[in-house]
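Subject: Structure handover

Hello,

Here is the structure for you to look through. My notes on what was found follow below it.

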Amino acid sequence: MSVAKVSEVRSMLRDLLLGLEDAEGFFCLCLSALGERDTLALFLDLIKPLASGHVQLYSQLTTIFMNYFSRDDEEALEVAIALSLHDITHRDEPSKGRSSDQLSERVSENSEAGDPEKPVQKECTLKDIGPQRTTTVMKKEHSPGPSLAADDSAKPKKSRRQRKKQQLTQNPSAPRPVLLWLRRDLRMWDNPALIGCLELGAPIIPVFLWNVTEEEGSGVTMATGGASKYWLHHALVCLNRSLEERGSHLVTQKAEPSSLAALQALVAETGAGAVVATALYEPWLKERDEGVWAGLEKQGVKCHIYHSYCLRDPYTVSTKGVGLRGIGSVSHFMSCCDQNPGPGIGTSLDAPSALPAPSSWPQGCPLTQLELARMPQRKDGTEIDWAANIRKAWDFSEEGAQVRLQTFLRDGVYRYEKESCRADAPNTSSLSPYLHFGQLSARWLLWDARGARCRPRKFQRKLAWRDLAYWQLCLFPHLPWKSLRPPYKDLRWSSDCNHLKAWQRGRTGYPLVDAAMRQLWLTGWLNNYMRHVVASFLIAYLHIAWQEGYRWFQDTLVDADVAIDAMMWQNGGMCGLDHWNFVMHPVDAALTCDPNGNYVRQWCPELKGLPDDLIHKPWKCPGSVLRRAGITLGQTYPERIVVDLEERRAQSLQDVALVRKRYREYVCQQSGCDLMPLPAKLVQEAMGSTNDIVRRGGNEFLLPVITRMEFRLEPEDTDRQANPYSAVLKGYVSRKRDERVAFLNERDFTASVMYENAQRIERLEKNHCILEELQCPPVSKGRGRHRSVRPVSGAAQHR
């Protein structure tokens, strides 16, 4: 054999490593260049350098080599015919410089032009191996997969001739396919599980399994509400469209009786050798998954789990070196992450251009049979389309997430730091639904936010809040339904169903609260500030238990997230790891978030005729103003369901004081903070230093946790005036809302200081004249406190 042929093979080997050729194509080219005899003698030696740095590729090539040379004569003849066709395709291509797309096109032209269902032989794999990033891109032309809503059994069967042609072009090595179990990673971009499938070098079968009982878990979690399931339905439709563009499609199934049984059936039907998935962190889902992995591995199926839903795996976050003081705050959580760093976040991954499809697909069910977007029906049989406004308000696709992100980073992010509270302007990203369903990865969002010119700290900290919520859910699996602070489970709550229904439907008589609740009902979303406003109103002014608010949010939010909602409502309901150190006043908070009333006019159009200064308190409007606006309180707009807000707040505070008095053992006598029992994991981590914890009989360890100042200062008697601290936020008209207002405020302050200084000098001069029995100078007569003032010199005092 000539040295030139060996050099040619080594050149083709470089193309293989650069992703310009795939393993199967490389083997075919070696056969063409060397011939069968020399390939049998030298091929293993030529690919031996791959054994150290590219183990997966080396193993794949070895398998192809062994399978080819172990066939009988009849099989070898069929494969030789297929390889000769493959070789003819490549002879027209230059050995170097050809793109992977051109290779796919040429192979497609030489492959059964009249067979629309025939898969193309050619696959190209690109591996960019770096310290933090591995990207695999599969180039493959394939006819679009069947519609997600179509039944696979309805496809026409292939003729014997078509099946024979497919066998001729099938992989000689015939690797076992991989099941990509999609849950909340419904995206192509930056999906480590998807890239992990490609690195296995086998056909990929994306599957989505749905089991309502498993999703809910134990307790009253309300994990899957109506709005979030509706979003999930459309997200799966969009995901299937993306998969079809890459030569694949999504297989949906009802996981009955369990996800383990459904996966075992899929393995038996497809012969899959591995299952790849992204980790979920809800305790009941984690327990379910561990049982699934154990059951599959017993059958010899390998399971590969990737962490990408949160920036940090919450089960790996430790308090070692940080202590427990301040637990529940995002600052404490970030300190824990800094003190105990885990694996690096890494850089985001590109989306593959094509996915290798299996020779046969498993049978699924139409997406509609999962009943994720089920609409109720009236008695006459007509459908109630309650989600019409949600469809108008959102683009459910992964591309929609990217567009919304880029729009925010281009414009809204510059106002986010100071104006994210505004309800009347789009100053927030509105990306939470995409994050929840994995249509946008937290890592991708973090990198893009860091790349923004203003590098918004506040926005980046929101991702830490998200990880903190999942950490708390891992520590306290009962977070969605049971108060973490034992005394507060006995708080006196109102059971007024009329008040609850008025709050849910936006009929409280307080325009800001009503506008927010109507926006939630119609679009399935609220910004963070407005969520605080309506939660404060429900808990502090209506005295309704936080669990009711949590359940309503879980049912109506398109981004309904058990961990985030449970943490928020526990903190707002005074029984979480942290306390909200504020209460949003339903009227005064409007000065912050809707100073001109535009938000209220949008969602409560019956009030749009009121002037700006009265639109948030229509009960104070004169009758003539109401008549001109066409408003009749109690008819066109509801009366207030509670009137004396101060009295309601005082009663709420007194209820907390009584509970704390009843459970003195859960109140730290030194600091006045609440004491909370610790879970076993935190106790074990804290045993190295027990300075932060208190032991109370047996094995119960108590920790002083963050407690609202007005609770700590609230006296046990009913004298409300004795507490100098109030957590009610009165709102602000402008907090440096724009540069002009900031400049005017600064100028006014400077002018005030100069005027006061001038008055002081005048008083000193007058007193000096009186003491010296001199004639007093005339007092300057200014029209206002902001007039220009010329300071009086020291010499003038002695004239």
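Ala, Val, Leu, Ile, Met, Phe, Trp, Tyr, Cys and Pro count as nonpolar, Asp, Glu, Lys and Arg as charged, and the others, Gly among them, as polar. The model is predicted, with local features needing pLDDT of at least 70 and side-chain atom pairs pLDDT 80 or more, while totals for chains, interfaces and linings use all residues. Residues are numbered from 1 along each chain as its sequence is written, and side-chain values use heavy atoms, leaving out hydrogens and water.

Empty space

Rolling a probe the size of a water molecule over the atoms shows where empty space is left. On a 1 Å grid over the protein atoms alone, a cavity is a set of points where a 1.4 Å probe fits but cannot get out; a pocket is an open set with protein on both sides within 12 Å along at least five of seven lines; lining residues have an atom within 4 Å of a point. Points are joined across faces, edges and corners, and a volume is the space filled by probe spheres set on them.

There are five cavities of 30 Å³ or more. The largest cavity holds about 300 Å³. Its lining has 25 residues, with R184, W210, E215, T224 and H436 closest to the centre. By class, this lining has 13 nonpolar, five polar and seven charged residues.

The largest pocket has a volume of about 1600 Å³. It is lined by 49 residues, and Y416, K462, W465, N528 and H532 lie nearest its centre. Helix α18 gives the largest share of this lining, eight residues. Helices (H or I, at least four residues) and strands (E, at least two) are DSSP runs, numbered from the N terminus. The pocket lining divides into 21 nonpolar, 14 polar and 14 charged residues.

A helix pair

α21 and α27 (residues 645-662) pack at about 70°, with axes 8 Å apart. Axes are lines fitted to C-alpha atoms over the stretch in contact, and angles run from 0 to 180 degrees between N-to-C directions. The pair therefore counts as roughly perpendicular (65 to 115 degrees; under 35 is roughly parallel, over 145 roughly antiparallel, the rest oblique). In contact (heavy atoms within 4.5 Å) are I539, A540 and Y541 of α21 with L645, R648, R649 and S652 of α27.

A loop residue

N191 sits in the loop between β3 (178-182) and α8 (192-199). N191 counts as buried because its relative accessibility is 1% (buried is under 20%, exposed over 50%, partly exposed in between, with a 1.4 Å probe and protein chains only). Leaving aside residues up to four places away in sequence, N191 touches L182, D185 and T278.

Regards
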